[in-house]
Amino acid sequence: MIRSSNPALKESSFLDINSGTVVRGGNDVMTLNGTVNKTGMLLLLCVLTAAFAWGQVSTPAGVVGAAPYMWGGLIGGLVLAFATIFKKEWAPITAPLYALLEGFFLGAISAMFNHMYDGIVMQAVLLTFATLFAMLFAYRSGMIKVTEKFKLGVVAATGGIFLVYLASIVMGFFGVNIPMIHESGLVGIGFSLVVVVVASLNLVLDFDFIENAVAKGAPKHMEWYGAFGLMVTLVWLYIEFLRLLSKLQSR
């Protein structure tokens, strides 16, 4: 069974709707190296637009005009993410566009965090990539065994976090906040640490999912789809590191 809590990398992603079997790409199939290369391309595109947005909103007086980049990138990225999830064959086009738009969002929000806490962005970037390589090493070396219980646990934890965030957003519309978890106290820091750990474990599920898809001979365009799914997790992990570091520095 192929399981991931990442909505872009779920069990049915590589299955034919009629037969329920994995769609195979014949001789032109998904490879691990191809997926790695395309992940690197998406990250590069994201960094380029993030740097552009950062330069546009950062001024000597502070961060100015960040909202269009932040909300435009966020909403546009979500639209393209859903389009990619429901039309996986569009991934060679929609995945790069998603990376570009997500870069605008990340560049703007990173500039805002860095204005409040100088140096926090570089720390979050280093922690994100350090975690990526640490999880990859742990997965490839067998230190972390991807069993069905492990998968179910991570999926359940991710679902729980999603529900907490969803409740927080809905309550925010009525001027009510979930106490403590968004604050810089011990409970807030502890909550952020848990979320970072769960996001990190999602990387392991993504690695396992992609490796299984490669082994089953998924079509070539799934390299873009697998890279897109991995990037979704990396973006989430980076944002959570920003939140955690901001809580720690605000103390």
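Predicted model: local features only at pLDDT ≥ 70, side-chain atom pairs only at ≥ 80, totals over all residues.
Local features need pLDDT of at least 70, side-chain atom pairs count only at pLDDT 80 or more, and totals for chains, interfaces and linings use all residues. Residues are numbered from 1 along each chain as its sequence is written, and side-chain values use heavy atoms, with hydrogens and water left out.

Start at helix H5, residues 148-172. Helices here are DSSP runs (H or I, at least four residues), numbered from the N terminus. The expected span is 1.5 Å times one less than the number of residues. For the 25 residues of H5 that gives 36 Å, and the end C-alpha atoms are 36 Å apart, so the two agree.

Which residues of H5 are buried? They are Phe-150, Lys-151, Val-154, Thr-158, Ile-161, Tyr-165 and Ser-168. Buried means under 20% relative accessible area, exposed over 50%, and partly exposed in between (1.4 Å probe, protein chains only). Their cover includes helix H6 (186-215) and helix H7 (222-250).

Now look at the cores. A nonpolar core is a set of buried Ala, Val, Leu, Ile, Met, Phe, Trp, Tyr and Cys residues joined through side-chain atoms within 4.5 Å. The largest has 56 residues. Leu-42, Leu-203, Phe-228 and Leu-242 have the most contacts inside it. H7 gives the largest share, 16 residues. Apart from this core lies another, of six residues, including Ile-161 and Tyr-165.

Finish at Leu-248, in helix H7. Leu-248 is partly exposed, with a relative accessible area of 42%. Its C-alpha atom is 6.6 Å from that of Ser-184, 64 residues away along the chain.

Technical notes. Helix = DSSP H or I, 4+ residues; strand = E, 2+ residues; numbered from the N terminus. Contact = heavy atoms within 4.5 Å.
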